[in-house]
Amino acid sequence: QVQLVESGGGLVQAGGSLRLSCAASGRTFTNYAMAWFRQAPGKAREFVSAIRMLGGETYYADSVKGRFTISRDKAKNTQYLDMNSLKPEDTAVYYCAVKSQYNHYFYSDSRAYSLWGQGTQVTVSS
């Protein structure tokens with residue numbers, strides 16, 4: 001059994017910064033990549049960013065490129081999302097995801113990920 005715990009969400013004013021963390025704990029598992037998705041009320045789940053655990057390659061949605069930075073500690077099975085220049089449209093529940101099974105889905109496809117956290121709320125006020 002693996003548990004993903006997100007933390008760092010909260011309320012911040014537009015233009016501010018926030019750091020999200022996601023730590024995996026429990027049984028040993030294969031960790032190919034970790035990612036962040038988000039979902040705003042009434043909207044579909046949206047890809048935000050991903051990082052390969054071994055090589056560290058990063059990927060970003062166009063909407064956050066240049067503002068968000070993803071990083072990881074592969075020894076700790078932990079990932080981070082540093083969010084800067086936050087906008088009200090960034091308001092959403094942010095979910096941590098882990099690619100724990102080998103597959104051929106693209107990094108931005110939620111089907112690539114088999115483990116999910118419960119989510120952490122990020123609210124950006126104007």
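Because the model is predicted, local features are taken only where pLDDT is at least 70 and side-chain atom pairs only at pLDDT 80 or more, whereas totals for chains, interfaces and linings use all residues. Residues are numbered from 1 along each chain as its sequence is written, and side-chain values use heavy atoms, with hydrogens and water left out.

Strands here are DSSP runs of E with at least two residues, numbered from the N terminus, and two strands pair if DSSP finds at least two bridges between them. Strands of a sheet pair through backbone hydrogen bonds, either parallel or antiparallel.

Strand β4 (residues 33-39) is antiparallel to β5 (residues 46-52), to which 6 bridges join it, and Ala33 faces Arg52 in β5 as its opposite residue. The hairpin of these strands, β4 and β5, has 6 residues between them, and there Gly42 takes a positive phi near 75°. Strand β4 also pairs with β9 in the antiparallel sense, over 7 bridges, with Tyr94 in β9 as the bridge partner of Arg38. Of the 7 residues of β4, 6 are buried, so the strand is largely enclosed by the rest of the structure; buried means under 20% relative accessible area, exposed over 50% and partly exposed in between, for a 1.4 Å probe and protein chains only.

A nonpolar core is a set of buried Ala, Val, Leu, Ile, Met, Phe, Trp, Tyr and Cys residues joined through side-chain atoms within 4.5 Å. The largest such core has 37 residues, of which Leu4, Trp36, Phe68, Leu81, Met83 and Tyr94 touch the most other members. Strand β9 supplies the largest share of this core, 5 residues. Beyond its neighbours within four places in sequence, Tyr94 is in contact with residues including Trp36, Phe68, Leu81 and Met83, where contact means heavy atoms within 4.5 Å.

The structure holds 1 disulfide, a term for a pair of cysteine sulfur atoms within 2.5 Å. The sulfur atoms of Cys22 and Cys96 are 1.9 Å apart, and the link is left-handed, with -80° about the S-S bond. Since Cys22 lies in β3 (residues 18-26) and Cys96 in β9, the pair ties together parts that are 74 residues apart in sequence. Cys22 is buried, at a relative accessible area of 0%, and Cys96 is buried with a value of 0%.

The loop between β8 (78-83) and β9 (92-99) holds Asp90, which is buried at 1% relative accessible area. The side chain of Asp90 makes a polar contact with that of Arg67 at 2.8 Å; the term covers N or O atoms within 3.5 Å, one able to donate a hydrogen and the other to accept it within protein, and residues adjacent in sequence count only if both atoms are side-chain atoms. Leaving aside neighbours within four places in sequence, the contacts of Asp90 include Ser85, a residue in the loop between β8 and β9 that is partly exposed at 42%. Most residues other than glycine have a negative phi. Ser85, however, has a positive phi near 50°, and Asn77, in the loop between β7 and β8, has a positive phi of about 50°.

How values were computed. Helices (H or I, at least four residues) and strands (E, at least two) are DSSP runs, numbered from the N terminus.
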